[in-house]
Amino acid sequence: LEPLQPTMPPPLPLLTLAEQAPAAPVAPAATPQEVSNLGVPLGTLIFRAGLLTEEQLEEALQEGVSSGKRLGEVLLESGLLNERDLGRLLADQKGLRFVELSTLTLDPVATALLSSEKAHMYAALPVGFEDGVPLVAVADPSNELVTENLRRALGSEPRLLVASRSDLHATIDGLNAPVAEQPVAQPEPPVVQDVPAPTPAPIGAA
C-alpha cells in the first residue's frame with residue numbers, strides 16, 4: 001500500500017475590501033488636559049500653570065499649616081493669586097465649568113431659592129436649572145461643608161459651576177439692591193393772567 005499523503009485544507013477565500021467587516025468605531029481618546037487635572041492638588045495645578053514658583057508655593061503651604069488656612073485663602077490674602085485664576089484652577093481640579101456671572105441670564109426662580117444672607121454665607125448663588133436640577137455657582141467647589149449646606153437648603157443635589165468670590169458677592173448684592181423710586185412729576189399749576197378790571201363810566205355819561 002502506498003502511504004497516505006496528508007491532505008491540506010483548501011485555502012480560505014480572500015475577502016475584498018467591500019466584504020470585510022467594518023471596524024468598530026474607536027472612541028476619541030480624552031486629551032491630557034481633560035483628565036490630567038482631575039483631583040490634582042491645587043499647588044501642583046498652580047505650578048503647572050506657571051503662576052507661581054516652587055519656592056512661593058512652599059512658603060504659602062507653610063503659612064497655611066501654621067495658620068490653619070487653605071492654600072487658596074493664603075494666596076489670595078497675600079496677593080500672589082487673583083480670584084479669577086483661583087476659580088479657574090478649582091473648576092479644572094473638579095472637572096467643572098468656570099463662569100462669568102455677568103454673561104449669564106439668571107433665572108429669578110433659581111436665585112430665589114437661597115436668601116441673600118445664606119448666599120453670602122456660602123458664597124453660592126443658584127443661577128438656573130438643568131433637567132430640573134438647580135445649577136449653583138460657588139466660589140470653592142472643594143468645600144464639602146458648603147456643598148452639604150446647599151443640599152439641605154435646596155432639598156436636592158445641586159450641579160455646581162464655579163465663579164470668582166467677588167463676582168458672586170457683587171451679583172448677590174445686585175439682585176437684592178432696592179429699586180430706587182422715581183420721583184412723581186407734579187403737575188404745574190395753571191398760569192392765571194391778571195385781567196385789568198373795566199374802568200367804570202363817569203356818572204351822568206350818556
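Mentor: Let's start with a term: buried means under 20% relative accessible area, exposed means over 50%, and partly exposed is in between, with a 1.4 Å probe and protein chains only. The model is predicted, so local features need pLDDT of at least 70 and side-chain atom pairs need 80 or more, while totals for chains, interfaces and linings use all residues. Residues are numbered from 1 along each chain as its sequence is written, and side-chain values use heavy atoms, without hydrogens and water.

Trainee: Is Val-162 buried or exposed?

Mentor: Val-162 is buried, because its relative accessible area is 0%. Val-162 sits in strand S3. Helices (H or I, at least four residues) and strands (E, at least two) are DSSP runs, numbered from the N terminus.

Trainee: Which residues is Val-162 in contact with, leaving aside its neighbours within four places in sequence?

Mentor: Contact means heavy atoms within 4.5 Å. The partners of Val-162 are Gly-87, Ala-91, Leu-96, Arg-97, Phe-98, Val-99, Val-138, Ala-139 and Pro-141. Take Gly-87: it is 75 residues from Val-162 along the chain, yet their C-alpha atoms are separated by 6.3 Å.

Trainee: What about the chain as a whole? How many helices and strands are there?

Mentor: The chain has 9 helices and 3 strands. From the N terminus, the order is α-α-α-α-α-α-α-β-β-α-β-α. Of the 206 residues, 28% are buried. Among contacts with a separation of 6 or more, 56% join residues 24 or more positions apart.

Trainee: Now helix H8. Which of its residues are buried?

Mentor: H8 covers residues 144–154, and its buried residues are Val-146, Thr-147, Leu-150 and Leu-154. Seen down the axis of H8, these buried residues fall within an arc of 100 degrees, so they line one face of the helix. The arc is that of the directions from the helix axis to the C-beta atoms.

Trainee: Why do residues three or four places apart point the same way?

Mentor: An α-helix has 3.6 residues a turn, so residues three or four places apart point the same way.

Trainee: And which residues are exposed on the other side of H8?

Mentor: Glu-144, Leu-145 and Arg-152 are exposed there. As for the buried residues of H8, their cover includes helix H7 (116–122) and strands S1 (124–130), S2 (133–138) and S3 (159–162).

Trainee: What caps the N-terminal end of H8?

Mentor: Asn-143 does, with a side-chain oxygen 3.1 Å from the backbone nitrogen of Leu-145. After H8 comes Gly-155, with a positive phi near 75 degrees.

Trainee: New topic: loops. Where does Ala-123 lie?

Mentor: Ala-123 lies in the loop between H7 and S1. Ala-123 is not a glycine, but its phi is positive, about 50 degrees.

Trainee: Is Ala-123 buried or exposed?

Mentor: Buried, because its relative accessibility is 2%.

Trainee: And where is Asp-131?

Mentor: Asp-131 is in the loop between S1 and S2. Asp-131 also has a positive phi, of about 55 degrees, although it is not a glycine. Asp-131 counts as exposed because its relative accessibility is 71%.

Trainee: Last one. Where does Leu-113 lie?

Mentor: Leu-113 lies in the loop between helix H6 (108–111) and H7. Leu-113 counts as partly exposed because its relative accessibility is 37%.

Notes:
Polar contact = N/O pair within 3.5 Å; in protein donor to acceptor, adjacent residues only side chain to side chain.
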